[in-house]
Amino acid sequence: MNLQLLKITVPVAAVAALAFLILSPSRYVGYSPDQPIPFNHKIHAGDNKIDCKYCHTGVETSAHATVPPSSTCMNCHGGLGIASKQEHVKWLTNQYYENKPVSWIKVHDQPDFVYFNHSRHIQRGVDCSGCHGNIAEAVKVKQVQSLNMGYCVDCHRENNAPNDCSTCHR
Amino acid sequence: MYLPKLEQFYKHKEMDEGVLGIFETPEAIMEAAEKTKEKGYVGFDCLLPFPVHGIDEAMGTPRSGLPWVTFFAGLFGCLIGILFQGLTHSYDWPLNIAGKALNAWYAYVPIIFELTVFSAGIYTVVALLFLAGLPSPSRRILHKDLTSHRFGLWIPKSAKGYVESDVVSFVKGLGGTEVTVVQPEKQK
Amino acid sequence: MMKDESFQKEKKSHWMSYELRGTHREKELQKQEFYTSPDPLIQKIKAGDFDRKTFLKFMGASVVMTSVGCVQKPAEKIVPYVNISSISNEGAPTEQYDFVKHGHSYHYASVCGGCSAGCGVLVKARDGRPLKLEGNPNHPISQGALCASGQASLFDLYDSDRAPEPMQIVQGKPKSSDWVVLDKDVREKIKSNAGKTVIVTKPLNSPTSKDLIAEFLKSIGGGKHLEVGFYGSESSIAKANEISFGKALVPNYHFDKARVILSIDCDFMGNFLSPVEFQRDFAKRRDLTQSNKAMNQFFAAETHPTMTGTSADQRIPLKPGDQRKFALVVARALSDLGVGGAQGVSGINLEAAIAELGISKDLVQKVAKSLADARGASLVVAGGASAETSDAIDLQIAVNMLNSMLGNDGKTIDPVNVRKEGKIDYSENLSQLSQDLKSQNVGVLFLYGVNVAYSDPLGEWGKLLHQAALVVTVSDRLDETAMVSNWLAPLSHSLEAWGDSEPVQGIVAIQQPTVRPLFATRSFEDSLISWAGGELAGSKNFYEILKSKYSKKTNWEDLLRKGVLGQANKSDKGGRSFRGNVAPLASTPSNLTVSLYASTALGDGERANNSQLQELPDPVSKVTWDNYVAISPQYSRSSGLKLNDVAKVTVGDKSLDLPVLVQPGLHPEAVGIALGYGRTAVGGIGNGVGQNAALLAQGKSPNSVYSGFSVKLESTGRKYKLATTQDHHMMSPGVLMGTAWKERPLIISAKLQDYSQNGKAGIPEPEIPKILINGKLERSKGANPPSDVPGSEFQYPGYKWGMAVDLTQCTGCGACVVACNIENNVPMVGRDEVRMGREMHWMRIDRYYIGDPEKPESLEIAHQPLMCQHCDNAPCETVCPVAATVHGSEGTNDMVYNRCVGTRYCSNNCPYKVRRFNWLEHWNEHDLLGGEHYTFKAQPPRNLGLNPEVTVRARGVMEKCNFCASRVAETKIKAKNEGRKIKDGEVLSACQETCPSGAIVFGNVNDPEAKVAKLLKDERSYKLLEYLNIGPAVSYLSRIRNNA
Amino acid sequence: MSLAQAVREKLDIPDLVTGGKSLRDVTSDITKPNEDFPTSLWWKVFTLVLTITLVDVAIIGYLFYEGLYILGINNPVGWGFFVVNFVFWIGIGHAGTLISAVLYLFRQGWRTGINRAAEAMTIFAVLVAASNLILHVGRPWLGFWLFPYPNERGPLWVNFRSPLIWDTFAVSTYLSISLVFWYIGLIPDLASLRDRATETWRKNLYNVLSFGWVGSARAWSHLEIVSMVLAALSTPLVLSVHTIVSFDFAVSILPGWHTTIFPPYFVAGAIFSGFAMVVTLMVIAREVFNLKDYITPKHLDNMNKIMMVTGLIVGLAYSTEFFIAWYSGNEYEGFAFVNRAFGPYGWAYFIMISCNVLSPQVFWFRKLRYSIPVMFVASLVVNVGMWFERFVIMMTLHRDFLPSSWAMYTPTLFDYAMLIGTFGIFFTLFLLWCRIMPVIAIAEVKTVMPAKEGAHH
């Protein structure tokens, strides 16, 4: 009889719902959108050991790590430079000479009411991989940490960093 | 000292096989219950449209033990109230709210009280449903007047010394009308 | 080092330059999702097709997004530059200047375009967008401060009603065109009407522009340059000086040198020549922390209670038209005291005249005495629209006489480094123009910054202008004059164009742009150059002219960095002798007389489309969004006119219907009406706000008399609810509904004498419950004392932010309010919402009347800036169910918008009622569940001016002053990265930074050397509602008045 | 319990069921409204209230769409009609539990006639109240943040010091406890409906609703005990709930709100308005469903007495407030009360006084206590008065410490619509319930039948 069925399903559903509420993971872990060109961090940062700050210049001084202007890419790939035959590099070079910017897609995206400052964390000696994972091995960048409020708060607690609301929310 | 006893938590038994007799007045069913108790048909039951005063004594059923459930459930709720508020405010994430002391327990009293009442009430009712064998809408209805104005005496097959013919005559002797022998439903 | 063309937009949008408009490549870009070049955006908005996502991007709407927790955020883009260019070469817009760091703010020295005072400003620009104006500390005029309209002038840049491109007006219908056509037409017409070109400009304080205009006229074979201004007193002052001293000029005034000041209807801190400079100088002598000897004494004789008048030690209500009589009465009283040099006053019967004025005799003698005691260190000023009576020049002559009697020439009055020199006669110029037009004597007519059709509504310019061969209006929008001319040449905002200014002889500042023009606009100077054929004075654009001119005098780049050339002259020189003849007294009309005045916020109404200014409450009446006819309580009683009655105001044959406001402090027979309202073609915000009071002006057309003529008021029986931010029935805090309750100790005033005896004069002991702990009374621990009391629960060892507000210095000008709004993205809500009591200002200035409203002479008007008090035991925090407002470790009361569910309990429980609730979605076209019915929403490109450091709040969220948390955080991170603590004065709150009188001080209370810490210990400091034991972090310094 | 004795002696004379009914009559009389096709009168009333409800629902939708700015609330007056309605309906809700719990403990036989309906009233009233509480926040879709649940924010818990959190717990506890109390009482009666049912759909419906109750003596004795236990729990609960609601105001620091008298004063007021509402409903019910023999004038008389007593308590509270305000000598406190009575909202204050203090005085006279029209009117008047009491308290907001922040509150059309809407929802639920479930506790009435002895011991 369907009543029997109800007796089982209702409590099960309730428990499941509660469990989900408590244990649900961040929706963004593993978020890995397709970029205009499949830029490969492994080749650049991993194999060729290019320092992060070569491109992300703002990271030590600014709130934003900043993505470099196309000209930075041209330092190596420009003209008949490295891998200039490779199709994506070709595309990039064209963009550059046509004076068109590349619109990358943001992977680690915080809501606008959160004010994260890269410079402070780098100065404090926080390692990039802490939040971004081992980029040097990443063929395609994806979000590895939940980066939700709990994640930030825990880290701030462990390193007795300020935990005021106004630290991140203004 | 008054302690909970197991027999206080007697459970409603399903009435699938046995003898049922119908009585007209509360007095009649009381008397019948007395007699049946003396006769010693253990596990017999009465079906009443409303709680007839004194029927428990007549049947010899002890006082219900549910207040114990209430007591411990209440205690549990109270504890939860104290711990949850205390821990969240002064241990898990101490926040400076209006410069008030972190363990300003007097602010927690209302919620402690509410939680006590809540868990006491809810758990008691759950226990009641369990003991009264509710809900089971599939349960069979023996006689349609028993919830309106007539009273039933039920002697189950499981009762000690149950011999169908004797029981039937016994119930008749008590003045029960429409005495019927109930057989278990066929499982389809 | 600066650069004018760092051109990256917000992190979440494309850069774009307007040279690319309409090209094929732009169309391509437009297809991209987040293409956000502003000017096509306007088209899109106007056309009504606009995809929501872009809008959300614009408005930084993720607050809305998060309110639907389960919605996946839309993918955001990162669009870097293409190239890096060094400073040396002129970079293309796709190039990032190597010194520009994304996310960093840079300050560029420039000149404020708010009014003609020419204050030097620092423009805070971030990623190529001006976000905030501050006064330039190096500049002797602004001295680091800025007024309300200066602050608000930033929004004119982001005004959606600016003209995006040149427009040709055909039979009153504007049709879009472009510069090529315009330039061609202008050049041809100039050729065909050689020698008959007329250039009418607003009063210019830019020497280079003046030269350029002359140059231009020369190059096209002659013409006229006429300056025209309205509502000001420059003409009268100049003429009076010519008569009195033989030299036409507008002198400079040094209020900081004046120990006694008498202003006759002169709102010198609100609306006269150079408000910021004068207010700053005035306030220097009100800083009692230095020494109370220096405190000046200020008598304000005025026909209408002005912002300036409220900070007077003694207000003297005058009847419009009596100004000159009062001046002469004072002169007479002075000569009675034996001060020589008086002329033509011997005939005055003191008693009779004083009786006519309706003021008490000893008051006049008090004024005279104080002035006489401060010879050489006193100052008498008159001016402003309300001083423009029929005998305005004679009034100025009388003032000149008073000053020379007191020997102020060359001391407090500077006739050497003057503001203006030579014959200035604006009304003469205007009538000359109309004559020329009537006699068909005008070829091409350029109207730059003069909105004649509005400011002189009786001049019938609509007809007149068509007598000219071609009329080109140079204005930033299709205003009243543009609508009746042939061409609109859209004008760049002062933040988009090069220029210079010399408000006072010897003080030159460079106005440098901080953003590429958002629309297809040009500065007037650049237009002249191209109309002259693309080259003038050997240069292709104004920038080169300026550069070459000033490179000769100094290092160009240093000049740009410093922003100003030359110093203020404070030395005493240029004494002169008064010779002018004083005309005999004429009698003023016996009945009600009116004075039209320029309001503090809107001034001449040129910037009526600025919601910041429209919503800034009037300093005295606290009315927003309308002008009104102010009448005295006495007249209200006799005439039966009440607040919000609509009255018919009749002057001669002209009449206006205006709502009535009962204004204590008015002379019983005085009526006041604000000018600058009733614009009809200024834009969606300013159109139809109030009535144009210039219609009532008198004198020969063009009208020049704004005050002192009789007026008739009659009730129309209609009602109109004025949008006020404060109740009007309530008078002083003491008297409430006639029930004589104890006076509420909110604003504590004392006389200078009492103060110099007892520093705590007037400050009552707060009734805080105390108990006897081993012998002495203390706050018990159970009573949860605030952090500054031993035994409190929480201490704030690191920083503890606090604020001190000096009520003696505060003039109630409202600059802080506007600065706060802009710094913190505070929305403007419009008239209807203000009526409902839903204004969003984080900071408000409370106005209290002290004394008997029936006795205007004795009435005092006090101001109290009120922001969140950041109480240690904040009542709002206790009651928030979701802990959306809690205390930070630095003693601030943090408000977390994204946690707020909007129960409004905190607001109910706030004794100061400083919390503001977002009743509406103010920024987004749609919010979570729609709600587009609310029309008063910020239109693009306004959103480009949003401060990216402060969250944009969504509907249903509580907000309030956060002690500029964003500024604190920025500075703190900087300091931490450099491994040091924040120095005192390194972080300023927005209100403190802009305050012209320096009344607000913010800082770290724990630092004993900090100014704020010292002020908190000052004897005068007290806390508002301290008896509630909530321990506010803001202290007020009692209001001292120097009236013996 | 001597008190109980005394009260019983006083109240148990005359018969609680008149007309010499037999057990069978009782069942059939009471279940009649559930079995017959609804009368035209019922249909008329129901269509009316249903329309109101639908309109109200539409308005709520519009409120979500537009935001709170369509209401009249503003900066100083942050709470308006919504909170007034909330407190009002919570107050109404109290009578039900009080009748079924407190009177149960005092063994008040006469309660049996009315307790079932009163409990139903409680539940519907609390539902309406809770809905108002949720709707009045700025972002209702985040209302669940008021419950402390583990979250990914750290976790960030709620602020247990806030009276609003106390409200959340109190109201939800109150709702759930009253719900179970009410329902376990209903089970046997639903069973008798089931057994009388003839159509199969009714049979199945009541079969499910009655949980398959057969009335075994064992189940009965458990049930008896549990209803006593719940009664014992509900009694302090019912007092605590309105106490906590009063904390919303008493815990704040506003002059006129920050008063220790609020808890008792609110509870008395709640009982006051609650009983008034019960009288209103009962008078209607006994007319419409022809239950004059079960809801006798005796019942109504007792309730009128209670109304009068509580009315006097409330009156005392009003005067005490004023006295203390004056006695405190605090300018803000004193002004708050002068302003309350003689300020712009003085009219509301005097409506309150005349309705709550003066009108119940008619019940001094036995004749009037027994007159149906009088008590009906009086009960309505009292409810109006109690609504205005809450309105007056809310309007204390409009003039507090700083005269500069004073303002007026003018409700908009939507405020009024929502006020009417609450009544619509309430009566819709109530009328529906009257059709589905017996308005009188059948089994309990049978225990107090005059015919048989042993009913009273």
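**The C–D interface and selected salt bridges**

Chain C brings 66 residues to its contact with chain D, and chain D brings 60. Contact here means heavy atoms within 4.5 Å. The model is predicted: local features need pLDDT of at least 70, side-chain atom pairs count only at pLDDT 80 or more, and totals for chains, interfaces and linings use all residues. Residues are numbered from 1 along each chain as its sequence is written, chains are lettered from A in the order in which they are written, and side-chain values use heavy atoms, without hydrogens or water.

The size of an interface is often given as the accessible area lost when the parts come together. Between chain C and chain D, about 5,500 Å² is buried, 58% of it from carbon and sulfur atoms. Buried area is the accessible area (1.4 Å probe) that two parts lose on being put together, summed over both. On the chain C side, Arg744(C), Arg899(C) and Tyr905(C) lose the most area to chain D, together 13% of what that side buries.

The interface of chain C and chain D holds 1 salt bridge, defined as a side-chain nitrogen of Lys or Arg within 4 Å of a carboxyl oxygen of Asp or Glu. Asp400(D) pairs with Lys913(C) in a salt bridge, with the closest N and O atoms 3.0 Å apart.

The structure has 69 salt bridges over all chains. Side chains of opposite charge can pair when their charged atoms come close. In chain A, Arg157(A) bridges to Asp154(A), with 3.3 Å between the closest N and O atoms. Both sit in helix α8 (residues 149-158) of chain A, 3 residues apart, so about one helical turn separates them. Helices are DSSP runs (H or I, at least four residues), and strands are runs of E (at least two), numbered from the N terminus. Arg157(A) is partly exposed at 30% relative accessible area, and Asp154(A) is partly exposed at 32%. The classes are buried (under 20% relative accessible area), exposed (over 50%) and partly exposed in between, using a 1.4 Å probe and protein chains only.

Arg369(D) and Asp301(D) form a salt bridge at 2.6 Å, N to O. Arg369(D) lies in helix α13 (residues 366-370) and Asp301(D) in helix α10 (residues 297-328) of chain D, so the pair ties together parts 68 residues apart in sequence. Arg369(D) and Asp301(D) are both buried.

Chain B has a network: salt bridges link Glu24(B), Lys144(B), Asp145(B), Arg150(B) and Glu178(B).
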